[in-house]
Amino acid sequence: MPADPLTIARDLIRCPSVTPAEGGALDYLADVLQRAGFAVHRMTFSEPGTPDIENLYARIGNAAPHLMFAGHTDVVPPGDTGAWQHPPFAAEVAGGLLYGRGAADMKGGIACAVAAVLDHLAAAGGRPQENSKGSISFLITGDEESVAINGTIKLLQWAAERGARFDHCILAEPSNVEALGDTIKIGRRGSLNGTLIVTGRQAHVAYPHRGENPIRGLTQILAKLMAEPLDAGSANFQPSNLEFTSVDVGNTTVNLIPGEARARFNIRYNDCHTQASLKALIERRAAEAAGSVRHAIAWDASNADVFVTAPGPFTDLVAGAIVAVTGRQPELSTSGGTSDARFIKDYCEVVEFGLVGQTMHQVDEHVPVADLQTLTAVYRRILERYFS
Ligand SMILES: [Zn+2]
């Protein structure tokens, strides 16, 4: 009998695993995977100032090629549970829809991957490939929705230190926009935060010649940075964009020229830039606009760099399986916010393909039960082609 993704998804949703709680979700997966022949490792990672996080790494087979399924069992809080028509951790099915926190993001996707792998193993005599080649692993973290410090990044390091080499990864995040099969995510823009600081000289407004108003210099630089595009986009990316998010003087006195003015900004950037070249470009433009105005740019330390898995054999294989099962030709997209793919890309080619993301993080999060069956069929097709 084929493995049932709906049963697995419901079992997972009933584990209240709001970050950082494990909620029983990893215990459940460990049990299912162990019974299928996986070597299962449970790791708890710690870092001062953050909660300890439980994670899971499971592998079957010990030869190449090595296909990894990655994901997270932690979920965002349900918010006001009274606003849910179907309780967030009850996993109710109504009108062909499975309701619950994590249904889309991303216990549903993990359930489909597990079901597809169980079916694949059953068909191949309990191994990834009948000739005993090939490995399949699950890399599941409980730390994605929060700070992502004690999760995927450390789990990958842990596995690599013990000799694991990954060839390809499917991250089962809800990549589709409107219908299952419409979108594979192959990369993400980078994200960079900075603060522009302009220094002037404080003075009484009645004697402006004794002061130097930093707001004048700030607006001059802002105008220049907002006016000039950063690039025109690239083969796989939309144009980069700089947005100012706050302008701060903090002056509560009506007759005082302030001594300093600041503006915060974020840049979402594509593969026309590296972080270093982008910083240099912004600093040069600011200097041009500033003239003699005293200014500085402070860059935040924690930023996500741009990455892309170039379209090629692996993206073709995944897209081909999607076309075969759904009839939809997926778009290869680099839009949206960050995910753990930003860590995985340092180890192997990674694409994101899962359920439809429309209701993720919302009240009454849900997915069509039919989509669970379809996604399982897509993963199954990918496994067949990958290991044939
Ligand atoms: Zn997610």
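A residue in its surroundings

Reply: R101 is buried, with a relative accessible area of 2% (buried means under 20%, exposed over 50%, partly exposed in between, with a 1.4 Å probe and protein chains only). The model is predicted, so local features need pLDDT of at least 70 and side-chain atom pairs pLDDT 80 or more, whereas totals for chains, interfaces and linings use all residues. Residues are numbered from 1 along each chain as its sequence is written, and side-chain values use heavy atoms, without hydrogens and water.

R101 belongs to the loop between β5 (97-99) and α3 (107-123) (DSSP runs numbered from the N terminus: helices, H or I, of at least four residues; strands, E, of at least two). At P77, the backbone oxygen lies 3.2 Å from a polar atom of the R101 side chain.Elsewhere in the chain, the zinc ion has as protein donors H72 (NE2), D105 (OD), E173 (OE) and E173 (OE), 1.9 to 2.7 Å from the ion (donors are N, O and S atoms within 2.8 Å of the metal, or 3.2 Å for Na, K and Ca; water is not among the atoms, so sites may look incomplete). H72 in strand β3 (residues 66-72) and E173 in the loop between β7 (168-171) and β8 (183-185) are 101 residues apart, a pair that links distant parts of the chain. Both H72 and E173 are buried.

Methods. A polar contact is a pair of N or O atoms within 3.5 Å; within protein, one must be able to donate a hydrogen and the other to accept it, and residues adjacent in sequence count only if both atoms are side-chain atoms.
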